[in-house]
Amino acid sequence: VGLSRFFKRLLFPAAGIACLLLLAVAPATAQTLETVRERGFLICGASSPLAGFSQQDIDGRWSGFDVDLCRALAAAIFGNPDLIEFRSYRGEARFAPLQTGAVDVLMRNGAWTIGRDTRYGARYVTPAFFDGQAFLVPQSLGVVSAYELDNVSICVIDGEGELEGLDEFFFSNQTSFTSVVYEDVADLATAYRAGLCQAISASGRQLQAIRRELPEPNLHRILPERISKEVLGPVVRNGDDQWFKIVRWTIFALINA
């Protein structure tokens, strides 16, 4: 999804609000800002390509929700949303590029948790997207709610808490499931298409991307319930309060707009 015409009209006034922060903070704290200005463009990163959030077309141009947030930040700094370089990193949580200065900000880097917010020298800025663990099922399964699931095989990733979420959900509902565990999200779609499981459980954003790539998406549905709560948003390095505030108030300006 690209910037809508309405959003484009509001981008520069909203970014102008964020620009006030460039004058309101003492230059001595402007570490990242000085680096970005001297370079002449913003380097913005996110986790692996995800339909609707960060995807490339056949010409290599990036688009999506996360890319649009990066463009808004570039507009706040330079007055030009095109002065960005977007980098996509495979993996749910990649902090090393931020720590080493390979990127100036990460727009999506795993759900906001106390562990991620207190390790790696990283600092979550503000919520930009809310999500949760959900279920993708074929229409032929005949269920319209997660509470109808019972005695089903479910493809799931082991490592980000999804498997524990399934255990808690099915235990509380006194129903049963069989887990088919993988380490990579791409394996979930492959196994599901091959009939190795009857459902997939992952974050709603991941399920939307998987469903879009299925041969006949309309034959599959994402059930409405979310069995967890995830908050995602920009991440910056610790120790640069001015940069933190510029990113935060850029997001706030867009929300207000």
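Trainee: Leaving aside neighbours within four places in sequence, what is L42 in contact with?

Mentor: L42 is in contact with V36, C70, L73, A74, F78, L83, I84, E85, D104, V105 and W243. Contact here means heavy atoms within 4.5 Å. This is a predicted model, where local features need pLDDT of at least 70, side-chain atom pairs count only at pLDDT 80 or more, and totals for chains, interfaces and linings use all residues. Residues are numbered from 1 along each chain as its sequence is written, and side-chain values use heavy atoms, with hydrogens and water left out.

Trainee: Which residues touch the most other members of the largest nonpolar core?

Mentor: L42, L73, V105 and W243 do, in a core of 23 residues. A nonpolar core is a set of buried Ala, Val, Leu, Ile, Met, Phe, Trp, Tyr and Cys residues joined through side-chain atoms within 4.5 Å. Buried means under 20% relative accessible area, exposed over 50%, and partly exposed in between, with a 1.4 Å probe and protein chains only.

Trainee: And which elements supply at least two residues each?

Mentor: α2 (31-39), β1 (42-47), α3 (65-78), β5 (105-108) and α9 (241-256). α3 gives the most, with seven residues. Helices (H or I, at least four residues) and strands (E, at least two) are DSSP runs, numbered from the N terminus. Another core, of 16 residues, lies apart from this one, and V180, L188, L214 and I222 are among its members.

Trainee: Switching to charges. How many salt bridges are there in the whole structure?

Mentor: A search finds nine. The criterion is a side-chain nitrogen of Lys or Arg within 4 Å of a carboxyl oxygen of Asp or Glu. One of them joins D131 and R205, with the closest N and O atoms 2.7 Å apart. D131 is in strand β7 (residues 129-131) and R205 in helix α8 (residues 204-213), so that pair links distant parts of the chain, 74 residues apart.

Trainee: Is R205 buried or exposed?

Mentor: Buried, with a relative accessible area of 6%. D131 is buried too, at 12%.

Trainee: What else does R205 meet in a salt bridge?

Mentor: E230, at 2.9 Å, N to O. E230 lies in strand β13 (residues 230-232) and R205 in helix α8, so this pair ties together parts 25 residues apart in sequence. E230 counts as buried at 14% relative accessibility. Through shared partners, salt bridges join D131, R205, R226 and E230 into one network.

Trainee: Now rings. How many aromatic pairs are there?

Mentor: The search finds twelve. Rings of Phe, Tyr and Trp (its six-membered ring) pair if their centres lie within 6.5 Å; planes under 30 degrees apart count as stacked, over 60 as edge-to-face and the rest as tilted. F169 and F170 make an edge-to-face pair, 5.4 Å centre to centre with 90 degrees between the planes. F169 and F170 are both buried.
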